[in-house]
Amino acid sequence: FATLYFLNKMPGATIYSIEPDADNFSFLEKNVQTEIGKGQIIPVLAALTDKDGYVNLKRSVLKYNTAIAKESVFNEKKVIAYNVESFFKKYFIKKTDLFKIDIEGSEENIFKDDISWLQNTANVIIEFHSERIRKMCQGKLESQMFTYVPHPNRKNTEVFLFTKNV
């Protein structure tokens, strides 16, 4: 639904919607099949993390809580993974106006090493899953000239908007 929301707000955009859980990916494809046909939405069955390869998913009863498993888990599902820079190269993405991150505690992985992708990113919306992760990611964003933009009506949320100062 976030994909459709952002397409509604930015009708001329091409949206890459990355989903590692096969069941959720199936729902994504069904929900946006018209927009996929028009080339407005590019669904990608994959995970974003710190390095290319494969990761194990820890599946949850609550489908929106599927996460990358740090260790081997029962009934694990392997999925292809990209770091952000590799993903951008694979899909020929030169710049992004908005990069939304909601990856169930793995957000620190994409900020760990190579953050060169932030050079061509204008805005980042990110849901943090711990205070430690927020501090680390916010420090990396600020080092790349991003500023936190508080929302006047949303208090007590773990979703943050950062915009680049140019």
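A salt bridge is a side-chain nitrogen of Lys or Arg within 4 Å of a carboxyl oxygen of Asp or Glu. I began with that rule, and by it I count 5 salt bridges. The model I am reading is a predicted one.

**Entry: salt bridges**

I looked up the pair Arg134 and Glu131. Their side chains form a salt bridge, at 2.4 Å from N to O. Both residues belong to helix 6, and because they are 3 residues apart there, about one helical turn separates them. I noted the general point that an α-helix has 3.6 residues a turn, so residues three or four places apart point the same way. Arg134 is buried, at a relative accessible area of 17%, and Glu131 is partly exposed, at 43%.

I also found that Asp50, Lys51 and Lys112 are joined into one network by salt bridges that share partners. Within it, Lys51 pairs with Asp50, and their closest N and O atoms are 3.9 Å apart. I checked Lys51 for accessibility: it is exposed, with a relative value of 56%.

Next I took Lys95 and Asp97, whose side chains meet in a salt bridge of 3.1 Å, N to O. Lys95 has a relative accessible area of 56%, so I list Lys95 as exposed. Asp97 has 46% and counts as partly exposed.

**Entry: helix 1**

Which residues of helix 1 are buried? In this helix, residues 2-9, I find Thr3, Phe6 and Leu7. Looking down the axis of helix 1, I see these buried residues fall within an arc of 100°, so they line one face of the helix. The face turned away from the buried side carries Asn8 and Lys9, which are exposed.

I then asked what covers the buried residues of helix 1. The cover includes strand 1 (15-19), helix 2 (22-31), helix 3 (33-37) and strand 2 (41-45). It also includes strand 7 and strand 8 (123-127).

**Entry: positive phi**

I looked for the backbone angle of two residues. Phe92 is not a glycine, yet its phi is positive, at about 55°. Phe92 sits in the loop between helix 4 (84-90) and strand 7 (99-101). Is Phe92 buried or exposed? I find Phe92 exposed, with a relative accessible area of 69%; the cut-off for exposed is over 50%.

Met145, also a residue other than glycine, has a positive phi near 75°. I place Met145 in the loop between helix 6 (131-143) and strand 9 (146-149).

Notes: Residues are numbered from 1 along each chain as its sequence is written. This is a predicted model: local features need pLDDT of at least 70, side-chain atom pairs count only at pLDDT 80 or more; totals for chains, interfaces and linings use all residues. Side-chain values use heavy atoms; hydrogens and water are left out. Helices (H or I, at least four residues) and strands (E, at least two) are DSSP runs, numbered from the N terminus. Buried means under 20% relative accessible area, exposed over 50%, partly exposed in between (1.4 Å probe, protein chains only). The arc is that of the directions from the helix axis to the C-beta atoms. Contact means heavy atoms within 4.5 Å.
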